[in-house]
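Here is a brief report on a ligand site and a pocket. Keep the sequence and the 3D view open as you read.

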Amino acid sequence: MFERSEELLTRARKSIPGGVNSPVRAFTAVGGTPPFIERAEGAHIYDADGNEYIDFVLSWGPGIVGHAHPKVVEACQKAVARGSSFGAPTELEIELAERIIERCPGTDVVRLVNSGTEACMSAVRVARGATGRDKIIKFEGCYHGHADSFLIAAGSGATTLGVPNSPGVTRGTAHDTLLATFNDIDSVASLVDDNTGEVAAIILEPVCGNTGCLPPRDDFLKKLRKLCDDNGIVLIFDEVMTGFRIAKGGAAERFGVTPDMSTFGKVVGGGFPLAAYAGKEEIMRHVAPDGPVYQAGTLSGNPVAVTAGIETLKLLDDDVYDQLEALGSRLQSGIDELIEQRDLPLCTERVGSMFSLFFTPEIPVDHDDVKACDIDRFNQFFHASLKNGVYLAPSQFEAGFLSTAHTDEIIDQVIDKTADALDEVY
Ligand SMILES: *Cc1c(COP(=O)(O)O)cnc(C)c1O
């Protein structure tokens, strides 16, 4: 089934580390050969061996309107024909910034960058510059890209590779990153107490998606908001995954908690390398050239990427979020029914169009709970699904995504295929 992909992987390994340009693509966690992709359309992707899959990875989140949406494709073709990069300001950048500000609570001013990593790295620099403090608090299992300060118990790829602390990250850097437990406000409060006046920012995924889908519980976000207010700490929501996905205005809107700064990526770039960080006026005015905190980029605000972002956001009106909620609910209840019928030790979790099937009977609340999942069974299930034409993220520590191209019929097909995969595993 994967002959051509196997050949390509052998060839790729010679010139590229692991044959891939981002570790999780190598299938290290689940084993086997990653299909090399040739093209994608709507909810489907096609590999080099001609296999077709229903895609729940969607490029790890960006593909919320489905692959190669005709409106996005057409606008980008026109944009590229006008010149692909100028290194000078364009009106398009204002339009994207204004759209972000209009939708997302707590965003008065926006800076566009090229990746989620860059957005989070820059947001933390700005928070440090604005507060004059060095330390940050992050949560076990939350992923904020691969900048040094975040490679301390990061989620997804870093967890499954078993290198939560990557070589090459200095002790000095690690010293300034404090680790708390997701959904455990006491763990945060005690770090703040022990480091009075030293914590610049608390950064988190408001719904943790990089350890599987873990929603915030018991007003966790509201409690963080209060803790930050009481201690002059900048609250940063990393909405690279949740932004424009779980609501029109992301987690800030969905949970009614306004952060001081936000980071965006994935959906906001419409499938191109584009991301953003944003925040309240008084914080963002520290960014150069308005202020002294330096941050720059040759390709930042790239006109083709910005066009893809604008066209994607234009498609994401209120109705779309209702549609995604309904699709998500159909998928979740279908799979819950399979679990119940078979009396399996599994559970599902979902926020809008982000979901996980956890190989553990009790719904996980933090990273340790996900680590307790039956990873061997997940891996078997993953391969059984892939063989049946369902492309899931190749790790228990990842969320799945839906797009507007996933119709009811596709969801029902997936539920049938999931029943077959579960029967193969159990
Ligand atoms: C994907 C992701 C990032 C990193 O974005 P890149 O574009 O891969 O650098 C950061 N934060 C979260 C929450 C993410 O899901």
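## Contacts with the ligand

Start at Y143. One of its backbone N or O atoms lies 3.1 Å from a nitrogen atom of the ligand. This comes from a predicted model. G116 also uses its backbone: an N or O atom there sits 2.8 Å from an oxygen atom of the ligand. K266 uses its side chain instead. An N or O atom in that side chain is 2.6 Å from an oxygen atom of the ligand.

How much of the ligand does the protein cover? On its own, the ligand has 380 Å² of accessible area, and the protein covers 83% of that.

## The shell around the ligand

Sort the shell by class.

Now move to the second largest pocket. It holds about 340 Å³ of space. Its lining has 17 residues, and E93, V110, R111, L112 and S300 are the closest to its centre.

Which element gives the largest share of this lining? The answer is α3, with five residues. The helix α3 spans 91–103, and the strand β4 spans 109–113. Each supplies at least two lining residues.

By class, this lining has ten nonpolar residues, four polar ones and three charged ones.

Note on methods
Residues are numbered from 1 along each chain as its sequence is written. This is a predicted model: local features need pLDDT of at least 70, side-chain atom pairs count only at pLDDT 80 or more; totals for chains, interfaces and linings use all residues. Side-chain values use heavy atoms; hydrogens and water are left out. A polar contact is a pair of N or O atoms within 3.5 Å; within protein, one must be able to donate a hydrogen and the other to accept it, and residues adjacent in sequence count only if both atoms are side-chain atoms. Accessible areas come from the Shrake-Rupley method with a 1.4 Å probe; for residues, only the protein chains shown count as cover. On a 1 Å grid over the protein atoms alone, a cavity is a set of points where a 1.4 Å probe fits but cannot get out, and a pocket is an open set with protein on both sides within 12 Å along at least five of seven lines; lining residues have an atom within 4 Å of a point. Grid points are joined across faces, edges and corners, and a volume is the space filled by probe spheres set on the points. Helices (H or I, at least four residues) and strands (E, at least two) are DSSP runs, numbered from the N terminus. Ala, Val, Leu, Ile, Met, Phe, Trp, Tyr, Cys and Pro count as nonpolar, Asp, Glu, Lys and Arg as charged, and the others, Gly among them, as polar.
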